[in-house]
Amino acid sequence: MARSTILIAENSCIIRKGLRSILQNLENSEVIQLIDDKEDVCKIVTKSKPDILIINPNMLPGDCLDVKKELFATNKLSLVLISDKKNIEKELKADAYINYSDGQNAILDKLQEILNKKNKSVHADKSSETISSREKNILKHIALGLTNKEIADQLFISIHTVVTHRKNITQKLGIKSVSGLTVYAILHNLISMDEVK
Amino acid sequence: MRIKKDMKLADVIQLNYMLIPVIHRFGINLGFGDKTVAEVCKDNEVDLNFFLQLVNAYHDKDYFPKEELQTIPVKNIVNYLKMTHASYLNDKLSEIDDKIISLQSEDMEDQRYILLIKNFFDGYKSELTEHILHEENVVFPYVLAVEEIIKTQSFTASNRAIFESFSIEKYEEEHNDVEEKLMDLKTIMIKYLTPPANSTLYHTIIQDLFKLEEDLNYHSRIEDKVLTPKVILMEKSISNLL
């Protein structure tokens with residue numbers, strides 16, 4: 001799993017650095033930069049494309065209610081607002097809100113929740129990681145003990161294509177040997193046990 | 001960290017517990033108190049230099065004892081490798097085999113799965129066995145013949161025939177993908193199978209496979225980094241003889 005990157009934009013140095021130190025307890029993530037100047041926010045966000053931006057509302061450029069949409073429409077960015085004001089969620093829309101009075105565990109829980117959601121959506125995106133129906137068909141033939149040449153002939157494709165498919169199947173499943181692929185094929189009902197030579 | 005002759009053997013083992021079976025193959029038993037590597041080797045009549053080269057090659061995958069290579073008799077290396085082979089064939093493989101068999105009496109969602117693992121492991125076992133037999137029947141006799149030629153600086157009819165029938169280069173080419181199946185078995189058990197309700201045994205098998213793989217890697221490092229380069233050197237000096 002790739003590490004999630006976090007930017008912190010906050011004008012108080014104590015809070016900036018304190019927050020970074022708290023976030024070190026967060027797994028699979030990394031605070032990549034601290035921003036103390038309002039003017040830099042847009043530029044740095046565009047450049048470093050973080051997964052999460054933690055920002056004090058008074059660092060936000062301009063007055064915008066739907067900050068995320070306005071500023072970061074193109075990025076898949078989660079926005080977290082940090083502030084000492086109560087009821088800020090009524091004014092600004094964000095993925096989470098951290099209050100200055102929050103304890104360490106509360107802060108970590110909020111960010112962990114965001115990370116979990118992110119990883120889930122990454123997972124869903126990776127439908128391409130499971131093997132395609134074409135690849136399943138190739139896999140079935142491999143498991144039946146056919147050579148690349150035989151598979152190519154039967155499916156009317158070039159050997160080169162078969163080899164490419166095999167490479168992709170191996171990469172996606174993490175299984176290299178023919179007997180390993182055969183076991184996978186049986187487990188996933190692509191072939192039955194009796195068909196194996 | 002390089003293992004040296006005046007280190008306590010107990011500290012060496014603390015450094016890397018994978019060396020326990022290694023020293024055992026040398027006939028060294030645990031319980032050596034505060035004795036140094038040199039002392040323990042002397043007590044057990046083990047060649048100190050060979051012992052050091054071997055444990056260092058085991059311990060550090062970047063270790064490459066170039067100069068020291070010359071001084072180790074091939075016979076010693078071959079004897080050691082044969083001992084590790086025997087421990088794979090007689091102990092390690094059958095231990096895992098037994099565990100897979102007792103897995104069959106566990107309550108599992110689908111008994112077919114265990115049969116699949118069993119068949120797969122059997123396939124791996126025969127592949128590894130074949131590989132080991134090839135080393136014992138072809139590679140080692142060749143290596144010993146090469147050493148004999150060097151020692152006597154002359155050919156006999158029999159060692160000449162062996163010398164011309166093989167070269168260590170061939171061995172290097174063949175010496176690769178036995179571990180592929182082992183890795184696949186681990187992957188399948190981790191990613192694609194649901195373990196039985198009582199999963200302890202299933203977990204132990206996976207851990208055993210990891211350990212076996214680690215040990216095999218260590219083993220092939222001796223072959224690739226100690227034996228093979230030495231034989232290459234000897235082959236060269238023989239070609240000067242011809």
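In chain A the order of elements from the N terminus is β-α-β-α-β-α-β-α-β-α-α-α-α-α, made up of nine helices and five strands. Helices (H or I, at least four residues) and strands (E, at least two) are DSSP runs, numbered from the N terminus. The model is predicted, so that local features need pLDDT of at least 70 and side-chain atom pairs count only at pLDDT 80 or more, whereas totals for chains, interfaces and linings use all residues. Residues are numbered from 1 along each chain as its sequence is written, chains are lettered from A and ligands numbered from 1 in the order in which they are written, and side-chain values use heavy atoms, with hydrogens and water left out.

Chain A has 197 residues, of which 41% count as buried. Buried stands for under 20% relative accessible area, exposed for over 50%, and partly exposed for values in between (1.4 Å probe, protein chains only). Accessible areas come from the Shrake-Rupley method with a 1.4 Å probe; for residues, only the protein chains shown count as cover. Of the contacts in chain A with a separation of 6 or more, 60% involve residues 24 or more positions apart. A contact is defined by heavy atoms within 4.5 Å.

Helix α2 of chain A spans residues 41-48 and has A:Val41, A:Ile44 and A:Val45 as buried residues. These lie on the same side of α2(A), because they cover an arc of only 100° around the axis. The arc is taken over the directions from the helix axis to the C-beta atoms. An α-helix has 3.6 residues a turn, so residues three or four places apart point the same way. On the face of α2(A) turned away from the buried side are the exposed residues A:Lys43, A:Thr46 and A:Lys47.

Chain B has eleven helices and zero strands. Its C-alpha atoms fill a box of roughly 65 × 50 × 25 Å along the principal axes. Among the 242 residues of chain B, 47% count as buried. The accessible surface of chain B is about 12,100 Å², with 51% belonging to carbon and sulfur atoms. For contacts in chain B between residues at least 6 apart in sequence, 75% join residues at least 24 apart.

Chain B is divided into domain 1 (9-68) and domain 2 (73-241), with bounds from an automatic or database domain assignment. The centres of these two domains of chain B, taken over C-alpha atoms, are separated by 22 Å. Domain 1 of chain B contributes 17 residues to the contact, and domain 2 of chain B contributes 17 residues.

A nonpolar surface patch is formed by B:Tyr17, B:Ile20 and B:Leu30, which together have about 310 Å² of accessible area. Patches are made of residues with over 30% relative accessible area and no salt bridge, like charges being joined within 9 Å and nonpolar side chains (Val, Leu, Ile, Met, Phe, Trp, Tyr) within 5 Å. B:Tyr17 sits in the loop between α1 (9-15) and α2 (19-25) of chain B. The relative accessibility of B:Tyr17 is 52%, and B:Tyr17 therefore counts as exposed.

Over all chains, 14 salt bridges are counted, each being a side-chain nitrogen of Lys or Arg within 4 Å of a carboxyl oxygen of Asp or Glu. In chain A, the closest N and O atoms of the salt bridge between A:Lys110 and A:Asp102 are 2.7 Å apart. A:Lys110 is partly exposed at 26% relative accessibility, as is A:Asp102 with a relative accessible area of 22%.

In chain B, the side chains of B:Glu127 and B:Lys181 form a salt bridge with an N to O distance of 2.7 Å. This pair links distant parts of the chain, 54 residues apart: B:Glu127 belongs to helix α7 (residues 111-152) of chain B, and B:Lys181 to helix α10 (residues 178-192) of chain B. B:Glu127 is partly exposed at 29% relative accessibility, whereas B:Lys181 is buried at 13%.

A further salt bridge joins the side chains of B:Glu164 and B:Arg160 (3.1 Å, N to O). Both residues lie in helix α8 (residues 157-165) of chain B, four residues apart, about one turn of the helix. B:Glu164 counts as exposed at 54% relative accessibility, while B:Arg160 is partly exposed with a relative accessible area of 34%. B:Asp97, B:Lys118, B:Asp122 and B:Lys125 are joined into one network by salt bridges that share partners.
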